[in-house]
Amino acid sequence: MAVRGKLDLSPAEMEIMEFLWGRKEGILAKDLLEEMNTIRGKEWKKQTLNTYLMLLHQKGLIDRISVERKYSYEAKMTKEEYEQGLLKDFIKTIYGGSMPKLLSAFVGIHAISEEEAEEIKKILEDK
């Protein structure tokens, strides 16, 4: 069963995000298209890339900044924040947002060691 949510990404969208997460600053769409086609072996047209960028922007994952009548794109959140959002969506969808239900299901398929239990306890105490 696949869990679909706002943060679900196609392989192409994920490749764009991985590239943007690896940068310290934004990149113009034309330079991103060159990166994807020349370096990464894609055969995307300008409109294809623009569609992916529009979808990523609608999902709230990238910022689109106007620079001299062109757009520069940059990640709006870190990869870690993205992964936390995915996990939050998953827990909400599958377990109704209940951490006890999630942990119960996890322990039901994966016996945890005493050391893991202590580590989990410490994490919970620190929060």
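A patch, as the word is used here, is made of residues with over 30% relative accessible area and no salt bridge, and nonpolar side chains are joined into one when they lie within 5 Å. In this predicted model, Phe 106, Val 107 and Ile 109 make such a nonpolar patch, with a surface of about 310 Å².

Of these residues, Ile 109 belongs to helix H5, which covers residues 99-109. Ile 109 has a relative accessibility of 76%, and because exposed means over 50%, Ile 109 is counted as exposed.

## Overall form of the chain

The chain contains 6 helices and 3 strands, and these follow one another along the sequence in the pattern α-β-α-α-β-β-α-α-α. Taken along the principal axes, the box filled by the C-alpha atoms is roughly 55 × 30 × 25 Å. The radius of gyration is 19 Å, whereas a compact globule of 127 residues would have a value near 14 Å.

Of the 127 residues in the chain, 26% are buried. The accessible surface comes to about 9300 Å², and carbon and sulfur atoms account for 53% of that surface. When contacts between residues at least 6 apart in sequence are considered, 50% of them join residues at least 24 apart.

Trp 44 sits in the loop between helix H2 (29-39) and helix H3 (46-58). Although placed in a loop, Trp 44 is counted as buried, because its relative accessibility is 12% and the limit for buried residues is under 20%.

Once its neighbours within four places in sequence are left aside, Trp 44 is in contact with Ala 12, Ile 16, Leu 33, Met 36, Asn 37, Leu 49 and Tyr 52. One of these partners, Leu 33, is 11 residues away from Trp 44 in sequence, and the two C-alpha atoms are 7.4 Å apart in space.

## Salt bridges

A search of the whole structure gives 9 salt bridges. Among them is the pair Glu 35 and Arg 40, whose closest N and O atoms are 3.0 Å apart.

Another salt bridge is formed by the side chains of Arg 23 and Glu 25, with an N to O distance of 3.9 Å. Here Arg 23 counts as partly exposed at 28% relative accessibility, and Glu 25 counts as exposed at 54%.

Helix H6 has 13 residues, and the distance from its first C-alpha to its last is 18 Å, close to the 18 Å expected at 1.5 Å a residue. The helix is hardly covered, since the count of buried residues among its 13 residues is 0.

Within H6 (residues 114-126), Asp 126 and Lys 122 lie 4 residues apart, about one turn of the helix. Because an α-helix has 3.6 residues a turn, residues three or four places apart point the same way. The side chains of Asp 126 and Lys 122 meet in a salt bridge, at an N to O distance of 3.2 Å. Both ends of this pair are exposed, with a relative accessible area of 57% for Asp 126 and 52% for Lys 122. Elsewhere, salt bridges that share partners join Glu 15, Glu 35, Arg 40 and Lys 42 into one network.

Technical notes
Residues are numbered from 1 along each chain as its sequence is written. This is a predicted model: local features need pLDDT of at least 70, side-chain atom pairs count only at pLDDT 80 or more; totals for chains, interfaces and linings use all residues. Side-chain values use heavy atoms; hydrogens and water are left out. A salt bridge is a side-chain nitrogen of Lys or Arg within 4 Å of a carboxyl oxygen of Asp or Glu. Buried means under 20% relative accessible area, exposed over 50%, partly exposed in between (1.4 Å probe, protein chains only). Helices (H or I, at least four residues) and strands (E, at least two) are DSSP runs, numbered from the N terminus. The expected span of a helix is 1.5 Å times one less than its number of residues. The radius of gyration is taken over C-alpha atoms; the globule rule is 2.2 Å times the number of residues to the power 0.38. Contact means heavy atoms within 4.5 Å. Accessible areas come from the Shrake-Rupley method with a 1.4 Å probe; for residues, only the protein chains shown count as cover. Patches are made of residues with over 30% relative accessible area and no salt bridge: like charges are joined within 9 Å, nonpolar side chains (Val, Leu, Ile, Met, Phe, Trp, Tyr) within 5 Å.
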